[in-house]
Each structure stands twice: as structure tokens, then as C-alpha cells.
Amino acid sequence: MDTKRKTELQEIARQIRVGIIDAVYSAKSGHPGGSLSIADVLTYLYFEELNIDPKNPDWEGRDRLVLSKGHCAPGLYSALAHRGYFPVEDLKTFRKTSSYLQGHPDMKHTPGVDMTSGSLGQGASTSCGMALANKLDKTSVRVYAILGDGETEEGQVWEAAMFAGHYKLSNLCWLVDFNGLQIDGPIAEVMNPTPYPEKFSAFGWNVIECDAHDFDSIEAAYKAARACTDKPSVIISHSVKGKGVSYMENNVSWHGAAPNDEQYEQAMKDLGER
Amino acid sequence: MADKIATREAYGKALAEFGAIYDNLVVLDADLAAATKTGTFKKAFPDRFFDCGIAENNMICVATGMSLCGKIPFASSFAMFAAGRSFEQIRNSIGYPHNNVKIGATHAGITVGEDGATHQCCEDIALMRTIPGMVIINPADAAEARLAVKAAIEYKGPVYLRFGRMAVPVLFDDSYEFRIGKGVKMADGTDVSLIATGIEVEQALAARELLAAEGISASVVNISTIKPLDEELVVAEAEKCGAVVTCEEHTVIGGLGAAVCECLSEKRPTPVLRVGINDEFGRSGPAKELVSYYHLDAASIAEKAKAAIALKK
């Protein structure tokens, strides 16, 4: 990736992170940690990878993205807002009774949300159905899903992995946000779902690994996924939970908590807004 | 009487019939195509049939994904594993976003027979009724099952179709016009209304004969669409007869009987007695024997009808 574009994406990712903090701070609840860990990935997807048209969110020929780890809605909403699906100011209505920005993604009321999600594991399967339908119709549509590492403890994820491998859904690309933390603690202590490469390989997947906070690495991963034409691809994305906000980084207590006024100011300083 | 046909047989045939008309119809099954009869569709349209293996939760959500990319998916399994195991997938991925997925649930109720309680789902209507916007159709015979499949294809939104394993008589002929949400008067009467669904329509009609022999005039109504309920017809029956018996091969909790009680208690308070599975599990046995064992037979309905009449003021 050329340096100019990389700098532009880094700035967009910074703004998306600011949007995440604004949304969660305004709502006084939500999930900042896992939203921040996928902020760079979302930036790459929405500003480089996906074939989409924000002015025509229901366009049938668009690529699809399922945020299977739906609790990271602040990340998705901030990316969609910055990509032009709806006003960035609306992020501050997140989780409010009158808002269309529900606590977890709601495809019926939010432009750009391709699938309602929040109940873990289901988006993984839904993305398989989207990929299968497009394969059947021989379209060029690609289907993307983002899963949490904790989410891969759900049995349904592996039902879906078996299905995608069996039907060789090469137009499907999952990304597992491997930040290593879930609500009750480190995933390795709560219920270890690793090793990922061996498991996904055994299920018939093309396995790619990347650094979740390096655009060159993210780009290489998605290019490698596109290049694979006989299997579904999964990107094991090594990330830092809470990335970009000093006190949230690698701290499990920021999985689902909102900053207070003082913490908000610190977050804005960390993100270069002050 | 015409030959008996199970509604699941009619389901499989209807999928193949309408699959020829609707190119975007796809069918998914979870390793039960031979039993649910989706195998009939598979034979006709192998490229549009997808076996998901024994993984119902994944199947329900795969169907959802396909519905979001232009397909009309029918996802099939036994009622126990479709509505039961996958309740939360149906609730969150189909019901909440109101996606255009059809669930073809076969082997509903105790007439599964010898397989016994683990496979006899008597709770599926109750589970599906709690999901906002879910249409629930429980056809009474093969003709109605075929038309229900057609109606489900033409309707945009989630539909739960309930089919049985046991062969049942054909009650409707070609002149029948099935409409989602419309009940059908099968036979008129004035003393008590027997409001039945599924295989119980046949039993209610037989009960009507038993009652007639005792000089009691019973009306028989087929409610195949349990949600949305044909409240107009239910209220009219209650007004006319003053006593109601509901008949269903399902727990009396949360099914047709409950729906009728909820409707009448608000719109036309009337004595209602419920024939159904009385808050218990099924057991192994020949299907027909189980119908009697669980008091779903005509004689049991006739007894309940007399008890309902006695409750009139």
C-alpha cells in the first residue's frame, strides 16, 4: 500500500475510533474494547475492500458484511457513518429509545447493516447462506463476516465452518478478531478455542493470519483471501482489545463498559482529539 | 373415503411442484430428507437442494442468509429440532428481522408414534406463537398442505409450516381456496363449536357424528392458520354456540386452545374446554393408539363437548 493511502486510512481509522468512544460515552453503555480492536479492519473493509454504494445500501449486487460479533456495533456504526451511510452526529444517539442505532445491529432500521446480529454464532451461519446463494447464482458478490475469538466457543460457529468447507464457499471470508479476551477473562483461561489455524484447516478452510493494526498486513490478508478460489478463507487477526485508548488496551474490564467524563477526556487525548 | 396421505408427503410434492414455477425456491434439510419428504424436491431439483447435515441451528441461519440474497428458502427438519432446538435462531435471525424464510417442520405431535417422546414435539406452536410476526400454519390434510406451501411462497415474511408423519384422510377438494389467516367451517351446528387444527379436524368431524346420535348439534371449524388467528370466525362461533371445544395435537399450553381462550376472554367470554396434550410428554406406540391414549380421539372430544355445553348458563 502506498504511504499516502496508508496515512489516509490511518486518519479514517482514528476518526472511527473517536466515533466509537462518542457513541459508548453518550449511551453510557456498550462495547468499546472489541470495537476498537476491529477499527482498522473495518476501515480497510469499508474504504478499500467492499464493493458497496452508501447511496444505495440495498443494492443487490453489493458485497455483504455480517458483524457476527454484533456487540461491537459501535465499531460498525462508526465505520458506516464515516463511509456516508448516515450522519456521524447520529452516533451520539446510540442505544437511546428513539434512535435507529440499536445496542446490537438491526438490519431493518440501520442503512448499511446487512444482517441483524448479536446472538453469537448466528452471523457465521448467515454469512454462509449469503455466500451459497451468490455461488448458486454465479455472481461476483463476496461475503465477509467478523467473528469474535470468544464467539468461536459457540458450537454453531463450527457447524458453519463445516458447512462452508463442505460447499467450498470460496466467495466467503471470515475474520476472527483474536484479541485474546472475553467477558470472564482471557479466552485461554475461560474456554480455549485455539489453535485456530489447525482447526480451520481441518474444516477445509484457507487460513491467513494478519496484524489487525497494520494496513499492509490487513491488505495482504484480504488479497490472499481473494486469490483462493477453491475454499472459504479465514483471517486470524491478531489484535489488541481496546486499541488506541491507553487505559482500555488489553484490559478485559473494557469489554462492555462506558468511560466516565474524565476517562472520556483521556480517550480523546489518546485519539488525538485534544 | 379417499386414500389417506400424510401432510409431509404433500409437502415434499408441493415443493417439487412449485419449484418448477419459482426458480428462486431452495430447500435445506438436516439429514432427514427421506423422512421430511424434501427428498422429492431434491430428486427434481438437485442443484437447489442443500443438505446441511445434522446441524439444525446452522441450517436455519444459512436459510436466513439465502433469503437475504434473493432466494425463498424452505428449511426442514422434525418439529422438535426445528422449532425446539433452533428456537433462538428462528427468533433472532428470522423473526426479529422478519426475514423471508419458511420452516417446514414435519413429524409434529405424538403421531410420530414409536420413536417416542424425544421426537414427539407438542410444544412447537406455543414456541412459534411467541415470536412477533411469525405465521403458523398447521394443515389438516394433503390438499391444504399443498396450498399452504403455495401461500407461504407467495407471502413475504417468516412462516412456520407444521406437518405430520401419520397418513390422514383428504378433506378438501380442488375447489378449496386456502388463505393465510382464514379458518374454514367444515360443518355447521348450534350447541357447541369444535374448533380443531391439523389431524384433529378429522377427529372433530367424527365427534360431530357421535354427538348428532345423541341429539347434539356441533359445529366444526378448521383453524389451519394458528397465527394470525381468524378471530372473527372464532368469535362468531362462540356467539352462535355459546360453548367451544378446541382440539389440537399439541400441548394445551400455548397452542390453538390457548389462542382461542385469549381471543374469547377479551372479545366474547365463553366457556372453552381444551382437547390436547395435558402438560405431559408423549410415549412410544402406534400413532393411532396414541391418539386414543392421549384422549385426542373423537369419543374424547364428544365427552368434552358435552361438558362444555353443561358450562353454559
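Colleague: Why is His295(B) called partly exposed?

Modeller: His295(B) has 15 other C-beta atoms within 10 Å. A residue is buried if 20 or more other C-beta atoms, placed from the backbone, lie within 10 Å of its own, exposed if 12 or fewer, and partly exposed in between. The count of 15 falls in between, so His295(B) is partly exposed. Keep in mind that this is a predicted model, where local features need pLDDT of at least 70 and side-chain atom pairs count only at pLDDT 80 or more, while totals for chains, interfaces and linings use all residues. Residues are numbered from 1 along each chain as its sequence is written, and chains are lettered from A and ligands numbered from 1 in the order in which they are written.

Colleague: And what makes His107(B) count as buried?

Modeller: His107(B) has 27 C-beta neighbours inside 10 Å, so it counts as buried. His107(B) also has a positive phi of about 55°, although it isn't a glycine.

Colleague: Where does His107(B) sit?

Modeller: In the loop between β4 (102-106) and α7 (124-129) of chain B. Those labels come from DSSP runs, numbered from the N terminus: helices are H or I with at least four residues, strands are E with at least two.

Colleague: How do you know that β2 and β3 of chain A pair?

Modeller: Two strands pair if DSSP finds at least two bridges between them. β2 (residues 143-148) and β3 (residues 172-178) of chain A have 6 bridges, in the parallel sense, so they meet that cut-off. Val143(A), for instance, stands opposite Leu172(A) in β3(A).

Colleague: How many residues of chain A are in contact with chain B?

Modeller: 20 residues of chain A, facing 22 residues of chain B. Contact needs C-beta atoms, placed from the backbone, within 7 Å. α5(A) gives the most to the side of chain A that touches chain B, with 10 residues.

Notes: Contact = placed C-beta atoms within 7 Å.
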